[in-house]
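Dear colleague,

I am passing the structure below on to you, together with some notes on what turned up in it. Please have the view open beside the text as you read.

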Amino acid sequence: MSLLSEAIAKTAPSFTGELLQPADAGYEAARKVHNGLIDKRPALIARCRGMADVADAVALARELKLEVAVRGGGHNVAGRATVDGGLMIDLSPMKGIHVDAKTRTARAQGGVTWAEYNRETQLHGLATTGGVVSSTGIAGLTLGGGLGWLMGKHGLALDNLLSVDLVTAGGKVMRASADENPDLFWAVRGGGGNFGVVTSFEFRTHPVGPMITGGLVAHPFDRARDVLRFFRDVTARLPDELMVFGGLIHAPDGSGTKLAAMVVCHCGPLEAGSAAVRPIKEFGSPALDAIGPMPYAQMNSMLDAAYPKGALNYWKSSFLSRLDDDAIDRLVDAFAKCPTPMGQLLLEHFHGAAVRVGPGDTAFPHRKEGYNLVVLSEWMDKAIYDRCVAWARNTYAAMEPFAAAGRYVNYLGDDEAGDASAAAYGPNYRRLQQLKAKYDPGNFFHMNQNIRPLV
């Protein structure tokens, strides 16, 4: 019997989830993550059902000297949720959610997606900032930052964290909050999966909806420069309740028709929302106007179809120092060359509560009003891989003169030059390295956007 088989036989009797090897039923489905470009084969997948299973999986990896990757929702574009020849700790079976409407808090396990979380919180008319694609897991998005439709009013997902439970590299079970292990709590709010496997999250929730004002408006591509200039002007004076993202996209019918679009969400009363979005609806002659009252849960899932599981994805991303006319011209010229009808150039605007937090108050340092650019190359046909990757790289290079120093860690790819994590964390990086040395000195958790321990 191999060492792996012996270790599994010893662990299996008390393990309440599944321990899957490559020949086992369910392995092929379990090993796949959202990005179809990622094709890794773990030696073992530990599909955990609770914190004790996670602790056993960590111990198993240590005993077998296997590299560890941790999967929550599996959306990370760089494929950090899986590993070749190592052990995947798969939290996706961990779906527990409890909402306390009286205290306006919610606790959710690490395998929960935002769609599942919203379904429970919206029963009580409550919500937490949670991404813009509802099939994304709460874990990875929150630990790396957590932008979303509510961040102008209620801050990032991580700004709404009250506590986390986690299993450390040494197998220790810990809780982190403002009062308990506060240094660890600071680190996990932006530091990703570097400090342990977070098995549950306690969030603050807010009264939202269930009906809000939101949707998408799209204009013909020949008006793209005017649309992006209008978008720039609108975002210069937004109330906290209104989020507006802009971008250059393709029509959802697969025709390849290029469009200039804005997506909006106003999380306040419907009457105020209607007034706030009126200038956006009245601008120009849109090819499509789908802005109006809708359930918040629908708003949060509206873009899901544009990011199907298994599609091939290659992204580049950076905050912008400015969005002047020259930057807009370069974006439009670059998008005209996009080779895939699923490609997009997105401008995610930060303002309001998300930027009224000090850069050092959490590990996430990006607290200036402005734009995050996502060069999103997505396609289905493997034959056009080279063209799609080249377009993303060329577009990113063309926008480098307008790039700010910061990077959003959740969007970093797997082919970054230098120490991309240092760029993502900026002034907070050294403190994160010190805390990594305290909680994971051997860098056991390194199959992530890694923070190397300070030695």
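A residue is called buried here when its relative accessible area is under 20%, and exposed when that area is over 50%. Please also keep in mind that this is a predicted model.

By that cut-off tryptophan 149 is buried, and phenylalanine 245 is buried too. These two residues form one of the 15 aromatic pairs that a search of the whole structure finds. Their ring centres lie 4.9 Å apart and their planes stand at 40°, so the pair is tilted. The pair also joins distant parts of the chain, since tryptophan 149 belongs to the loop between α5 (138–144) and α6 (151–154), whereas phenylalanine 245 belongs to strand β13 (residues 242–250), 96 residues apart. Elsewhere, ring pairs connect Trp114, Tyr117, Phe201 and Phe203 into a cluster.

Rings also meet charged side chains. Arginine 62 has its charged end over the ring of phenylalanine 444, 4.5 Å from the centre of that ring, and lysine 258 lies over the face of phenylalanine 335, with 5.6 Å to the ring centre.

Helix α14 (residues 429–439) deserves a look of its own. Its buried residues are Tyr429, Leu432, Gln433, Leu435, Lys436 and Tyr439. Viewed down the axis of α14, these buried residues fall within an arc of 165°, so they line one face of the helix. The face turned away from that buried side carries Arg430 and Lys438, which are exposed. As for what the buried residues of α14 pack against, the partners are β9 (173–177), α7 (182–188) and α13 (420–425).

Finally, there are some points in the backbone to check. Most residues other than glycine have a negative phi, and most peptide bonds are trans. Against that background, the peptide bond from glycine 209 to proline 210 is cis, with omega near 10°, and proline 210 sits in the loop between β11 (206–207) and β12 (211–220). Lysine 65, although not a glycine, has a positive phi of about 55°; this lysine 65 is placed in the loop between α3 (51–64) and β3 (68–71), and it is exposed, with a relative accessible area of 75%. Asparagine 443 likewise has a positive phi of about 55° without being a glycine, and it is found in the segment after α14. Its relative accessibility is 17%, so asparagine 443 counts as buried.

With kind regards

Terms used. Residues are numbered from 1 along each chain as its sequence is written. This is a predicted model: local features need pLDDT of at least 70, side-chain atom pairs count only at pLDDT 80 or more; totals for chains, interfaces and linings use all residues. Side-chain values use heavy atoms; hydrogens and water are left out. Rings of Phe, Tyr and Trp (its six-membered ring) pair if their centres lie within 6.5 Å; planes under 30 degrees apart count as stacked, over 60 as edge-to-face and the rest as tilted. Helices (H or I, at least four residues) and strands (E, at least two) are DSSP runs, numbered from the N terminus. Buried means under 20% relative accessible area, exposed over 50%, partly exposed in between (1.4 Å probe, protein chains only). A charge sits over a ring if NZ of Lys or CZ of Arg is within 6 Å of the ring centre and within 35 degrees of the ring normal. The arc is that of the directions from the helix axis to the C-beta atoms. Contact means heavy atoms within 4.5 Å.
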